[in-house]
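The points are grouped by topic.

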Amino acid sequence: MRQIRKLFIAVVGVLFPAMAAAETLPVIQNVNAYESLSLNGEWNYIVDVQEEGYYDYRMKPYPWGFFRNAKPQKPEDLIEYDFDKSPTMQIPGDWNTQDERLFFYEGTVWFKRSFDWRSQETGVRSLLYFGAVNYDCRVWVNGQEAGHHIGGFTPFNFDVTEMLKEGENTVIVKVDNKRHAEDVPTQIFDWWNYGGITRDVKLVKVTPVYIEDYNVQMVSLEGRRLAFSVRLSKAEAGHTVTIDIPELKLKKAVTTDADGKVQMYAKFKPQLWSPENPKLYQVNITFDNTTTITDEIGFRTIETRDKQILLNGQTIFLKGISIHDEKANGGGRANSTEDAHQLLTWAKELGCNFVRLAHYPHNEYMVREAERMGILVWSEIPVYWTIAWKNPATFANAKQQLTDMISRDHNRANIIIWSIANETPHSAERDDFLGRLAQYARTQDSTRLISMAMEVTGASNYVNRLNDNMNKYVDVVSFNQYVGWYRDVNDAPKMTWEIPYNKPVIISEFGGGAKSGYHGAKNQRWTEEFQENLYRENIAMIDKIDGLAGTTPWILKDFRSPRRVLPGIQDFYNMKGLVSDKGTKKKAFFVLKQWYDSK
Ligand code: GCU
């Protein structure tokens with residue numbers, strides 16, 4: 001019987017060539033500016049621990065998996081799943097905070113969403129866009145495979161035009177967040193592995209040829225020149241693209257070259273974007289006098305000179321804090337302007353002009369809200385701890401995440417630093433991997449600073465030496481240090497630092513844990529007084545470091561981590577926040593604020 005079934009599978013495979021996945025297209029720039037059908041809302045879900053919905057009992061993918069959304073046609077038909085009778089959860093959203101059975105769950109969950117679709121004007125294309133899905137994601141539209149994506153924190157889209165039909169349509173998504181050594185991030189990381197469709201889903205309407213990417217930036221402070229470039233979805237000449245910045249009375253039309261590209265420059269006199277004056281201009285970009293996309297763009301320059309960071313030609317001290325992309329009050333993955341505003345308001349109350357969005361690209365609402373609030377950003381890809389440096393697939397994965405991070409946010413004036421790694425162990429393989437990644441980042445964006453969070457490897461007799469081969473690849477030398485917590489409690493006053501590089505220095509992490517409301521002696525771990533004292537001593541130590549251009553202490557808010565299991569204190573939370581998960585400020589919050597206010 002099984003042989004007949006296998007034969008049948010092979011025949012089906014041949015008969016249904018349409019099951020071949022659509023290609024993954026470059027991510028469309030500024031997707032929220034396009035007309036689209038939002039697919040956010042209630043989705044049915046099926047928890048599939050053994051991936052019964054995808055693999056047969058020989059662990060081979062089979063053509064009548066759950067993506068078929070099959071229903072019994074005849075009384076004797078055997079269908080052992082039914083999305084419409086399955087529970088629902090809110091998308092975007094992680095499954096861990098929406099179904100208590102899935103709090104710790106790592107594995108496959110299937111999602112189904114039906115929607116009504118009417119055919120569009122001729123030639124219109126439909127892109128199915130996901131803001132992010134953690135981690136390994138397969139997508140089907142009406143039973144046809146639309147595509148496959150890995151990586152939990154960057155957007156992707158598929159052209160599903162040919163898969164849509166008049167009336168009711170169905171999207172089915174298989175999400176698997178199991179961890180593997182060759183993944184990015186790898187198997188272990190100090191944050192909750194929230195699974196699911198964690199950011200917006202939409203069906204985006206575009207013309208047969210559309211503006212896939214554009215870049216609007218000020219190139220030089222002296223000349224105050226606007227640089228405008230466009231890349232179409234097809235290499236076609238003769239298309240007209242108009243850029244219009246009404247407030248600056250700047251309007252120019254240009255024609256695409258044979259590669260479907262445009263590059264132009266123009267003199268202009270914008271107010272400069274800065275934390276004190278986060279000025280954004282409405283920019284309208286019109287394609288072939290048909291589609292107009294609007295964006296909010298700020299203009300500024302960022303550079304380093306010796307050990308200084310200069311914003312708009314002025315030295316700036318980056319008064320920062322690190323943040324995870326997690327809602328307050330145990331709410332799971334953040335994914336709205338409101339979530340962002342809450343977190344960034346606490347950062348502003350701390351006196352911050354800068355945030356390190358750790359350790360992966362955060363949702364777009366966070367980056368744009370920070371831009372509106374005048375907060376500079378460090379954005380990072382999750383090359384975190386000990387990655388599989390020798391594995392070419394791991395490198396390709398990291399490179400793709402870097403590509404997508406830069407392509408989504410390269411028009412954001414507030415993003416000044418791309419970080420390519422965090423706390424990676426020194427080795428020749430690591431140096432080769434990160435060296436190539438840093439050089440590649442510069443080909444994607446030569447206008448921003450490149451960095452990574454290094455580690456202090458040499459410390460003896462209170463002398464801490466930073467010695468990292470990666471110094472030659474970065475513009476800003478950043479490192480994490482935990483004097484007073486993981487090492488040398490109460491020794492901060494004796495510490496000195498040797499950083500033998502003529503580059504600006506950012507302390508990308510320091511800090512210690514405290515349980516909000518737990519009080520006691522300053523040498524009693526986990527008390528607010530211990531954390532308060534640690535901050536006092538660290539700030540005094542750090543403030544003496546030559547070339548210090550900024551800090552992003554670890555961390556703004558207590559956050560979930562499966563590595564933090566101390567009962568009654570951690571309970572699966574990393575407690576190094578200056579604010580508790582419920583939003584209560586700890587004593588150390590005011591120590592840092594005082595320092596920043598003095599800067
Ligand atoms: C590391 C790491 C963080 C982690 C922190 C900690 O430095 O980069 O992701 O949460 O230390 O130990 O709390």
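A residue counts as buried at under 20% relative accessible area, as exposed at over 50%, and as partly exposed in between, with a 1.4 Å probe and protein chains only. By that rule N464, at a relative accessible area of 1%, is buried. The model is predicted, so local features need pLDDT of at least 70 and side-chain atom pairs count only at pLDDT 80 or more, while totals for chains, interfaces and linings use all residues. Residues are numbered from 1 along each chain as its sequence is written, and side-chain values use heavy atoms, with hydrogens and water left out.

**Ligand site**

- The ligand is surrounded by 14 residues, the closest being D190, E423, Y486, E509 and K576; a residue is near a molecule if one of its heavy atoms lies within 4 Å of it.
- The shell around the ligand holds five nonpolar, four polar and five charged residues. Here Ala, Val, Leu, Ile, Met, Phe, Trp, Tyr, Cys and Pro count as nonpolar, Asp, Glu, Lys and Arg as charged, and the others, Gly among them, as polar.
- An N or O atom in the side chain of E423 is 2.4 Å from an oxygen atom of the ligand.
- For D190, a polar side-chain atom lies 2.5 Å from a ligand oxygen atom.
- For K576, the distance from a side-chain N or O atom to an oxygen atom of the ligand is 2.7 Å.
- The protein buries 96% of the 320 Å² that the ligand exposes when taken alone; accessible areas come from the Shrake-Rupley method with a 1.4 Å probe, and for residues only the protein chains shown count as cover.

**Largest pocket**

- The largest pocket has a volume of about 670 Å³. A pocket is an open set of points, on a 1 Å grid over the protein atoms alone, where a 1.4 Å probe fits, with protein on both sides within 12 Å along at least five of seven lines; lining residues have an atom within 4 Å of a point. The volume is the space filled by probe spheres set on the points, which are joined across faces, edges and corners.
- Its lining has 28 residues, and D213, N215, R231, H410 and Q444 lie nearest the centre of the largest pocket.
- By class, the lining comprises 10 nonpolar, 12 polar and six charged residues.
- At least two lining residues come from each of β12 (211–220), β13 (225–232), β16 (261–267), α4 (392–409) and α5 (428–444). Helices (H or I, at least four residues) and strands (E, at least two) are DSSP runs, numbered from the N terminus.

**Backbone geometry**

- Most residues other than glycine have a negative phi, and most peptide bonds are trans.
- The peptide bond from I91 to P92 is cis, with omega near 0°; P92 is in the loop between β4 (88–91) and β5 (108–117).
- A cis peptide bond, with omega near 0°, also runs from V184 to P185, and P185 lies in the loop between β10 (167–176) and β11 (201–206).
- N142 is not a glycine, yet has a positive phi of about 50°. N142 is in the loop between β7 (136–141) and β8 (144–150) and is partly exposed, at 25% relative accessible area.
- W385 has a positive phi near 55°. W385 sits in the loop between β24 (376–380) and α4 and is buried, at 18%.

- N464 belongs to strand β28 (residues 463–465). The side chains of N464 and R487 are joined by a polar contact of 2.5 Å; such a contact is a pair of N or O atoms within 3.5 Å, where within protein one must be able to donate a hydrogen and the other to accept it, and residues adjacent in sequence count only if both atoms are side-chain atoms.
- V201, in strand β11, is buried at 0% relative accessibility. V201 and F130 are 71 residues apart in sequence and 4.7 Å apart in space, C-alpha to C-alpha.
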